[in-house]
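The following note is written for a colleague who is new to reading protein structures. Please keep the model in view while going through the numbered points.

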Amino acid sequence: MQLYNTLSAEERAELIDQAGKQRLTLSFYAYAKIQDPTQFRNDLFIAWNALDALGRIYVAQEGINAQMNVPAENFEAFRETLEVYDFMKGIRLNVAVEHDDHAFLKLTIKVRHKIVADGLNDDTFDVTNKGVHLKAKEFNDILDDPNTIVVDFRNHYESEVGHFKGAITPDVETFRESLPIINEQLQDHKEDKNLVMYCTGGIRCEKASAYFKHQGFKNVFQLEGGIINYAKQIEAEGLESKFIGKNFVFDNRLGERITDDIVSQCHQCGKPCDNHTNCENDGCHLLFIQCDECKTAMENCCSTECLEIIHMPLVDQVRLRTGKQVGNKVFRKGKSESLKFKHSGELSDTALATAPKTTDIRKKIKVKKTLLGKAEHYYVKAQVGLFTIENQELNSGDKILIVGPTTGNQEMVLDKMLVNGTESTQAKIGDKVTFTVPFRIRLSDKLYKILE
């Protein structure tokens, strides 16, 4: 009985690309009494692995919380695996506004004490006595009420790139931190104000709304399905979006655009930007906002210290990070004294810039291709890209494809190249290759060979 992944993320990505079939990114949650979470987890893994469903899922005795990526052709079969359980019959699946076939590259289902780390003792209040659920139009209407206070129950790095206009955006690292802060801040408005809350997909507000009703707040409301569902509803119904910017998501996309407004800055130079990245130094891996220019100049690093470290021999890098806690490193961090333009807490509702139109990489390219490697650097003045060859051989005259979230899909024929610093007509696995690229590329853009 297979209860583990047999492919690496790189191998899975290549198979997905070769298949050339659309995948849907989605999320869902359900609170329920699960007697044996481990057996529940095992049953789900077997069923979903057979459908090539990937994602990050937490299960506990209190329910399930899932973010996933599923082949579109298997969507109904996937839904049927949920309908087996009474508590998930008719469950709302929050399908993403933007899809990325590489949103998840493994199926990870973990048994946890709770499906959301809220720090609450559920035995002390009625978790089923929740706030009133509001659809998009109702949510827009109540935001126009002067007696409404709207609260963002996400973390600082989420709200910084996008939020509802006029929202209170706590400067917190975790959901559990925001509960006592908001409770204290709004003590004088338990009866005279509408307490309206929102989060990414709705799960945090399910518990938060019950908690605040227990604390004595009389008029408690929550956005049904969170920002994800709101975005789909305003598009379907032609409503005004009172959310501005990007919705941060916890997968490889790191965000999906709701409006064209850029409301945040590059944390290094201050230029309007809302693209999150992780520091290239694996001993840091800081989550921060970085523009293309700083990404190139700093080689995807958050500081000059980290830039120096990534050029050290690997054995020295491992020695420096030995003993450091880096578990859950991708999303746990977000603040550093090195980031001069990091802003949290009270955020502006005024757009700093408008996002440029980019190539939609979710539209599949109908060509057969094989993964060669990834981009390591781009020399702006020389218009030269540096790539590491990780799979297959590369030859002069090959037709290649460079793919990335911002770069889009760019095809070209390779005329000549330098292999490990010397002009050559062939590169093998492990070689460093440089060649002229007449458009800007980004770190970790994928390099493919197009097969005739």
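1. Strand β1 gives the most to the lining of the second largest pocket, with five residues. Strands (E, at least two residues) and helices (H or I, at least four) are DSSP runs, numbered from the N terminus. β1 covers residues 23-31, and both β1 and helix α7 supply at least two residues of this lining.

2. Some remarks on the basis of the note are needed here. The model is predicted, with pLDDT of at least 70 required for local features and 80 or more for side-chain atom pairs, while totals for chains, interfaces and linings use all residues. Residues are numbered from 1 along each chain as its sequence is written, and side-chain values use heavy atoms, with hydrogens and water left out.

3. The second largest pocket holds about 670 Å³ of space. A pocket is an open set of points, on a 1 Å grid over the protein atoms alone, with protein on both sides within 12 Å along at least five of seven lines; a cavity is a set of points where a 1.4 Å probe fits but cannot get out, and lining residues have an atom within 4 Å of a point. Grid points are joined across faces, edges and corners, and a volume is the space filled by probe spheres set on the points.

4. Which residues lie nearest the centre of the second largest pocket? They are Ala-30, Tyr-31, Ala-32, Glu-62 and Val-127, out of 27 lining residues. The lining divides into 10 nonpolar, seven polar and 10 charged residues. In this count, Ala, Val, Leu, Ile, Met, Phe, Trp, Tyr, Cys and Pro are nonpolar, Asp, Glu, Lys and Arg are charged, and the others, Gly among them, are polar.

5. The structure also holds one cavity of 30 Å³ or more. About 80 Å³ of space lies in the largest cavity. Its lining includes Asp-292, Lys-295, Glu-376, His-377 and Arg-442. The elements that give two or more residues to this lining are α9 (292-297) and β17 (368-379). β17 has the largest share, four residues. By class, the lining has four nonpolar, two polar and five charged residues.

6. Attention may now turn to the sheets. An open sheet of four strands has the order β6-β10-β9-β7, with parallel pairing; two strands pair if DSSP finds at least two bridges between them. Its edge strands, each pairing on one side only, are β6 (132-134) and β7 (148-152). Neighbouring strands of this sheet are turned by 30° against each other on average, direction ignored. Axes are lines fitted to C-alpha atoms, for helices over the stretch in contact, and angles run from 0 to 180 degrees between N-to-C directions.

7. Within that sheet, β7 and β9 (residues 194-198) run parallel and are joined by five bridges. Asp-152 has Tyr-198 in β9 as its bridge partner. Helix α7 (residues 203-214) packs on the sheet and touches β6, β9 and β10 (219-223), and its direction makes about 160° with that of β9. Contact means heavy atoms within 4.5 Å.

8. A second open sheet, of eight strands, has the order β21-β20-β26-β17-β18-β25-β22-β23, with antiparallel pairing. Here the edge strands are β21 (408-413) and β23 (422-424).

9. Which strands pair with β25? Strand β18 (residues 384-389) pairs with β25 (residues 432-436) over five bridges in the antiparallel sense, and Val-384 stands opposite Thr-436. β22 (residues 417-419) pairs with β25 over two bridges, also antiparallel. Leu-418 has Thr-434 as its bridge partner, and Val-419 stands opposite Val-433.

10. Finally, the protein as a whole has 12 helices and 26 strands. Its radius of gyration is 23 Å, close to the 22 Å that the globule rule gives for 452 residues, so the protein is as compact as a globular protein of that length. This radius is taken over C-alpha atoms, and the rule is 2.2 Å times the number of residues to the power 0.38. The C-alpha trace spans about 75 × 50 × 50 Å along its principal axes.
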